[in-house]
Structure formats: C-alpha cells, structure tokens
Amino acid sequence: MKIETLRWANNHLEMIDQRILPASFEYLAYDSAASVAEGIRSMVVRGAPAIGVAAAYGVALEALRLSGLLPPARGKAGMGVGDTASTPSPALPLQGGGNSAADFNAGMEAGFTVLAQSRPTAVNLFWALKRMRAVWESVKDQGNAAVAQRLLAEAHEVLAEDIRINRAMGKFGAELLPDGARVLTHCNAGALATAGWGTALGVFRSALEAGKKISVIADETRPFLQGARLTAWEMVQENIPVTLITDNMAGFMMSRGEVDAVVVGTDRVAGNGDVANKIGTYMVAVLARRHNLPFYVACPLSTIDMTINSGADIPIEERSVDEVKGFRDYHWAAEGVRIRNPAFDVTPAELVTALITEKGVIREPDRNKLQALF
Ligand code: MRU
C-alpha cells in the first residue's frame, strides 16, 4: 500500500488523520488556511516535511477561497473539513469571489499568520511559507484567480519535490548501512512525516530496495507514541522487519550488541549543525556515542536553518501536559503532580556522525560544511 499522507482531491487538501492511526485509517478534508493550521496544531498531520507541504497547500487554499474558487468543505474526506472529534477553527472570513486586490491581500496575510502560528519548532513550516510568499509576490498583479492557480501549482510542486528529495536522501543513506544492519530509529520520520517515502524510514526503504537486509528497531516515542503508532504501522504495512521497544530499552539493546546504527529525522538543524528532533533523540545520541554506534540524521535542506546560530536558539514546543498524564482519556499520573512536556530536544553537532541530505552525506557537520550546501 502506498501511503499518501497528503493529497489533492475534489478541490481540497486531504490528509490522513494521524491521531487515530493505527486503530483507524481516515482522510480529513481541508479548505482554508485556518483549517489547515488547525490540522497542523492538532497533529492530524505532523513531521517536519509534511507540515511544510500542508502549509503550502494552506496558502493555496486560502487564495482559492478568497477568489471564490472553492466550494466549502464539509465533514470527512470526499465530503469536507474535519470530523466530529476535531473541531477545526472557523475559516477566516470569506470576502467573496469579487474581492478587491486589497481585500484579497489582507485575507492572504491573515492566512500566512494563522499558519505561521500553528507549530513553532519544525522550520519546514516557515520555509514553505517563505517559498509560497515569494511566488505570491512574483504574480501579485495578475489577478486573484491567476494568483490562486499559481499558488496551487506551487503547492503541488512542493509535494512532488519532497518525494524526490526523500528518494535522493534514501540513496545516499542506504550506502551507509551495511547489509543485515539492525537500525534504531526514534519518532516517525517516514512516509507519514513527509509527502511520501520518508527521510529516516526512506533510508531504510532505499536500503531494502538496493537489496540490503535491514531490520528496524522502533522506539515507542513517549508521550505521543509516534514510534509505536506510526513507524511500527508503516513498517508492518510493507512487511519491513520491525521490533518495537519502549524508549528506555534502547541502552540495553545497544549494550547487548543488538543495534548497528541509529537513523533519525529532524525538525530543525541550526547553522552549527545542532539537531532538534523529537524529545528523547538526544538520549539516543548519547547512548550511540557511548556504544560507538553511528548516529545519522536524515535531513532535507529545507530543514537546515542557517539563521539560527546554535541549537540553544531553536524554539522548542511545549505541548499539553495531558499527553504526559496518560493517553487520550486515560490518566495514570497522580492528580496534582507538576508536569513538563517539551516536544523536542537538541542533539549537539558533536554527537552527529553525519547528516544525510539530498546533496550527499555531510560527515561531522559544522557551519562551514552546512554553508557550502547552499
Ligand atoms: O511532533 P512531531 O510528530 O511532528 O515530531 C516529528 C519529528 O520529530 C520527526 O522526527 C521530524 O519531524 C522529522 S520527520 C521526517
């Protein structure tokens, strides 16, 4: 089964609802910047590259909507926006098909703002908004409908390009893994975190495609369980050998010689090579160094933020304490306990064996090597 995390269908953006995987598989439909922003915020779509693609479509949808070119979406995929469990925020006010350029522009600015506020850490969101803004600026004088069509074409290109990039990274990454490698990964950096193929999981797919026998060890990834729910599901769908462990088992597995390498994705790489990724990644990197295992980070160039000096400056999202208290409606933590829930951590560049990018493998990343990529 080919996993299409995001797709354009019936004149809307449809996204797999990742909150309910693997118990249910369902698409939700989106028809505005505000509804896409809510889909990102509520984790219907997650994973840095997928968030970027969703944001690109959010901009295009807003332009189509403000041009009066979109029928409103209602309900689930094929029918419309949201489901009963999610309550997408209301779309920004529609000014109608005959919008003046000024009203259209004001509506677009509001769309960009609401998307930029959806999640803070993955830089791909801001990368995609910047790219869409540049396209908008370049065709601004061509009329609302033409602008909207051009932005939609760009969103399609962002999606297609993401898959091409993942394939390229996969090829470079696959060369790093020996035949028979048992590779540990954290969180989900797979097809579900991208437009398809995946970054870290794309490396595994490419290695398998190249005829290597790879097996995957998936950290459960507390508290949101992206490893148990999403990575395990993706691997099982394709009969890729996968073993699920809780996060605190990684050290034991390494100490027993049961791990050959680590490959993870990333949400933002700072100019000096420090890597922000799902909370717990830093712990895995420290363990990998202790056990002399290579720690690889699959990283499209859209995830490198040269404007940020070091990992200390990367904004780290703090999510609801409910995610740590328990899962969904079941709470196991003592009532009244103080709880923290940072969603990402930073692995210093010195612990990174190499970044795997679409332009090649960058060993021992530092500012000069990253600068040279652009
Ligand atoms: O909170 P999430 O699920 O959006 O976090 C996702 C991750 O941390 C991924 O590892 C990262 O975005 C890379 S995805 C190719």
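**Backbone, cores and domains**

Mentor: Let us start with Arg328, which sits in the loop between strand 12 (326–327) and strand 13 (330–331). Please bear in mind throughout that this is a predicted model.

Trainee: Which value does phi take in Cys187, and where is Cys187 found?

Mentor: Cys187 is also a residue other than glycine, and its phi is positive, near 70°. Its place is the loop that runs between strand 4 (182–185) and helix 6 (200–209).

Trainee: Is Cys187 buried or exposed?

Mentor: The cut-off for a buried residue is under 20% relative accessible area. Cys187 has 6% relative accessibility and therefore counts as buried.

Trainee: Let us turn to packing. How many residues are in the largest nonpolar core, and which of them touch the most other members?

Mentor: As a general idea, nonpolar side chains in soluble globular proteins tend to be buried together. The largest nonpolar core in this model has 46 residues, of which Leu6, Met108 and Leu151 touch the most other members. Among the elements that give two or more residues to this core are strand 2 (12–16), strand 3 (27–30), helix 3 (101–116) and helix 5 (144–174). The most comes from helix 2, with 14 residues.

Trainee: With which residues is Met108 in contact, leaving aside its neighbours within four places in sequence?

Mentor: Met108 is then in contact with Val59, Glu62, Ala63, Leu66, Trp136 and Leu151. There is also a second, separate core of 26 residues, which includes Val275, Leu293, Val297 and Val352.

Trainee: Into which domains is the chain divided, and how many Å separate their centres?

Mentor: Domain 1 covers 6–165 and domain 2 covers 167–373. Taken over C-alpha atoms, their centres are 27 Å apart. Domain 1 brings 29 residues to the contact, and domain 2 brings 34 residues.

Trainee: How is the interface to be read in terms of area?

Mentor: One asks how much area is buried and on which atoms. Between them, domain 1 and domain 2 bury about 2,500 Å², with 57% of it on carbon and sulfur atoms. On the side of domain 1, Arg46, Thr121 and Ile165 lose the most area to domain 2, together 26% of what that side buries.

Trainee: How many salt bridges and how many residue pairs in polar contact are found between domain 1 and domain 2?

Mentor: The rule finds one salt bridge across this interface. A salt bridge links the side chains of Glu317 and Arg119, at 2.7 Å from N to O. The count of residue pairs in polar contact between the two domains is 22. Helix 2, helix 4 and helix 5 each give two or more residues to the side of domain 1 that touches domain 2, and helix 5 supplies the largest share of that side, five residues.

Key:
Residues are numbered from 1 along each chain as its sequence is written. This is a predicted model: local features need pLDDT of at least 70, side-chain atom pairs count only at pLDDT 80 or more; totals for chains, interfaces and linings use all residues. Side-chain values use heavy atoms; hydrogens and water are left out. A nonpolar core is a set of buried Ala, Val, Leu, Ile, Met, Phe, Trp, Tyr and Cys residues joined through side-chain atoms within 4.5 Å. Buried means under 20% relative accessible area, exposed over 50%, partly exposed in between (1.4 Å probe, protein chains only). Helices (H or I, at least four residues) and strands (E, at least two) are DSSP runs, numbered from the N terminus. Contact means heavy atoms within 4.5 Å. Domain bounds come from an automatic or database domain assignment. Buried area is the accessible area (1.4 Å probe) that two parts lose on being put together, summed over both. A salt bridge is a side-chain nitrogen of Lys or Arg within 4 Å of a carboxyl oxygen of Asp or Glu. A polar contact is a pair of N or O atoms within 3.5 Å; within protein, one must be able to donate a hydrogen and the other to accept it, and residues adjacent in sequence count only if both atoms are side-chain atoms.
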